[in-house]
Amino acid sequence: MGTSPGASGDFINKHLNKKNIEVNAYFSIIMPDTWTPMFDLTDSNKIKNTLEKSTEEIKNIIPKIKNKENGNFMDKKKSYLISKIGYILVYNRGMRKTKNFGASNDCVSCGKCEKSCPINAIKIIDNRPRWIKKKCLACLRCLHRCPNFAIQYGTNTIKHGQYLNPYVDIE
Ligand code: SF4
Ligand code: SF4
């Protein structure tokens, strides 16, 4: 999570329950918040500190998993009801709209955004990325992986920078 895991534990548990799977233990780790329409990722020292703390958090979680401790160890979680309302009214009706996205003239038509999108919401047409679905996951993977920082979401992301986890090496 960046600032709060919301009720992600409850959401996951409800989905898995439908497949007769019960979640026994929940953990949360604070990471740099990549929702850059709101959060600023331009302070490299702050990012470094957050990553160092997250490494410590992971070290504390590992023995709990090894010992098969049960419980909800998530910090700063929100109520299911509030999160569900936020999901419907804020995320689903607003944040997910792809009309929030655009690409600047810095685009070099590399196609990485199209390949990176987990739900195929982007297609390169006439050498430019086009959002071909009305809604997407709003994960911002396309924005953060663009080699030229050409993709923006709203007006704030240009000021807030890009971020890729330095420990994760995926294309
Ligand atoms: S990843 Fe960036 S540079 Fe490459 S096609 Fe998409 S917007 Fe253009
Ligand atoms: S934000 Fe995520 S889901 Fe939406 S277009 Fe970009 S990569 Fe695809």
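Here is a short tour of the pockets and cavities.

This is a predicted model, in which local features need pLDDT of at least 70 and side-chain atom pairs count only at pLDDT 80 or more, while totals for chains, interfaces and linings use all residues. Residues are numbered from 1 along each chain as its sequence is written, and side-chain values use heavy atoms, with hydrogens and water left out.

**Stop 1: the largest pocket.** Select G2, S4, D33, W35 and M95, which lie nearest its centre among 34 lining residues. A pocket is an open set of points on a 1 Å grid over the protein atoms alone, with protein on both sides within 12 Å along at least five of seven lines; lining residues have an atom within 4 Å of a point. The largest pocket has a volume of about 1300 Å³, counted as the space filled by probe spheres set on points joined across faces, edges and corners.

Next, colour domain 1 (1-95) and domain 2 (97-164): each gives at least three residues to this lining, with bounds from an automatic or database domain assignment.

**Stop 2: the second largest pocket.** Select P32, D33, D40, K46 and T50, nearest the centre of this pocket. Its volume is about 200 Å³.

**Stop 3: the cavities.** A cavity is a set of points where a 1.4 Å probe fits but cannot get out, and the structure holds two of 30 Å³ or more. For the largest cavity, with about 100 Å³ of space, select C107, S109, C110, C113 and C146. For the second largest cavity, of about 80 Å³, pick C117, P118, C136, C139 and C142.

Methods. Chains lettered and ligands numbered in written order.
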